[in-house]
Amino acid sequence: MDNGLTMSLTGEEALACQARLWQLLARQAERYTMGESTSVCQETVQVLLTSLRLSLEAYFREQELPPRALLTEDPEQLLRAAEGTVRRQVRRTRLVYQRACRCVLQEESLSLRETLDSIGGFFQAYDPRFFAGEVPCDIDYQLSRPVDESLRGVWYLRAWLEQLVTEDALLRRFDPAAVRRILAAVCPEGHRELLVNLYEPVAAAALGLTLTEGPLGSLNQTQAGWARLTALLETPDPEKQRRILEQAGERLAVRLELGQQGTACLLACAQGLLPRIGAVLESGADWQGIFPILD
Amino acid sequence: MKEELASIVRRGDTIQALEALGRRKASLGLRLTREECLALAEGRERALTDTGRVEFGGGVLPALAETLADSPYLDPADWADTLMEGQLLFYHWKAEAGDRVPDRAILRFLRKAFDHARGAMAYLEGFSLKELRERMGEEAWTMD
């Protein structure tokens, strides 16, 4: 029971909150079985408890209530209000989903299309009353960086979709034909059927061109650009390498007019390139896998 | 988590419910001593642990007792043992049937099976719920 609901409470208050939580859990179990069963299996109780905890925490956050509100508010009203908070979150997530469905270049990724299709079913299958912590859909498409794994249920899905929309915002800045050429170059096995993230190769190519001050629109590197990249990045100091990439990320974010999330995403992507850059430099500086020269 | 869940099973609630039951059924000669109530409460906790279930409140024993109390095959001298075996059977069958099958549907079947076995609860323990229902020609669960 160690969680956000009992944090910052005295020992006595924490115990009282825990007892109230059990009372609410018993009520939820009764609602779940429609009063037809005095017992439920442990797995179900665990899921009901997680759902209850997440809903209450979200409600307290939304209303800026302290954890001790668990003791002062009417239990039935509390359950209804917490459920209302989850339902509002579902509505907001549906709006983000509608934006995500307008993502460009979906035809370039089967897993993205299938994932968006499956998420469509989430809004029918999701149960905010009892299973707020579940994500009843299949999410196969790989984002450039994973969503916070401590998030659950609709909160996880919303963060996932927001990250997807953030990645899409960068892709929209480029000519689709150039994006397709980049994807084909870095994944010759066929990016459309594989679990390939669309954002990362494009962001990497754009970062490379920012480093070499090449023309951004084509996403195309040159032999001269490769030589420049090698000269720039071949340093025994990993911290210097990190700084070079970070500064390029910041310049690129300004140039592409990315928002705060888009900038953070681009900087994370730049940092993620460091091990690959190190490996390329060690093996003879063939940049084709990261900063490709397009045919 | 398991320990937390187990703590929900409150022995005091069970004993209180059983004592109230004993008062209601005294006229039928169905009495429970304090020790028997305690043993039943402990048996309930064991059965819940064994079947991986969590129960809120006083539990199913009062309803089980009401279900079996007027069976012509019930021997008042075996009342405590019958309840003990009955609750074990109930929780195993409940676990097998799933949370969505109402208690009263299982209790109704348990009573039918008890009468079918002429009060030999131990005989029923040899069967899974599915086997016994097939053997007794039961149809799908009725929820009323």
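**Notes on helix packing, cores and the chain contact**

1. In this predicted model, two helices of chain B face each other: B:E36, B:A39, B:L40, B:G43, B:R44, B:A47, B:L48 and B:T51 in α3(B) meet B:A80, B:L83, B:M84, B:Q87, B:L88, B:Y91, B:H92 and B:A95 in α5(B). By class, the residues of this contact are ten nonpolar, four polar and two charged.

2. Helix α3 of chain B spans residues 34-51 and helix α5 of chain B spans residues 79-97; they pack at an angle of about 20°, with their axes 9 Å apart. Angles under 35 degrees count as roughly parallel, and α3(B) and α5(B) are therefore roughly parallel to each other. Their crossing is right-handed.

3. The largest nonpolar core has 68 residues, of which B:L61, B:L64, B:F90 and B:L110 touch the most other members. Helix α2 of chain A (residues 42-63) contributes the largest share of this core, with eight residues. Another core, of 34 residues, lies apart from it and includes A:L183, A:C269, A:W287 and A:I290.

4. Beyond its neighbours within four places in sequence, B:L110 is in contact with B:T67, B:G86, B:L89 and B:F90.

5. Between the chains, 15 residues of chain A are in contact with 18 residues of chain B. On the side of chain A, the elements giving two or more residues are α1 (11-32), β1 (39-41) and α2. Of these, α2(A) gives the most, with four residues. This side of chain A comprises seven nonpolar, seven polar and one charged residues.

Methods: Residues are numbered from 1 along each chain as its sequence is written. Chains are lettered from A and ligands numbered from 1 in the order in which they are written. This is a predicted model: local features need pLDDT of at least 70, side-chain atom pairs count only at pLDDT 80 or more; totals for chains, interfaces and linings use all residues. A nonpolar core is a set of buried Ala, Val, Leu, Ile, Met, Phe, Trp, Tyr and Cys residues joined through C-beta atoms within 7 Å. A residue is buried if 20 or more other C-beta atoms lie within 10 Å of its own, exposed if 12 or fewer, and partly exposed in between; C-beta atoms are placed from the backbone. Two residues are in contact if their C-beta atoms, placed from the backbone, lie within 7 Å. Axes are lines fitted to C-alpha atoms, for helices over the stretch in contact, and angles run from 0 to 180 degrees between N-to-C directions. Angles under 35 degrees count as roughly parallel, over 145 as roughly antiparallel, 65 to 115 as roughly perpendicular and the rest as oblique. A crossing is left-handed if the near helix is turned anticlockwise from the far one by less than a right angle, and right-handed if clockwise. Ala, Val, Leu, Ile, Met, Phe, Trp, Tyr, Cys and Pro count as nonpolar, Asp, Glu, Lys and Arg as charged, and the others, Gly among them, as polar.
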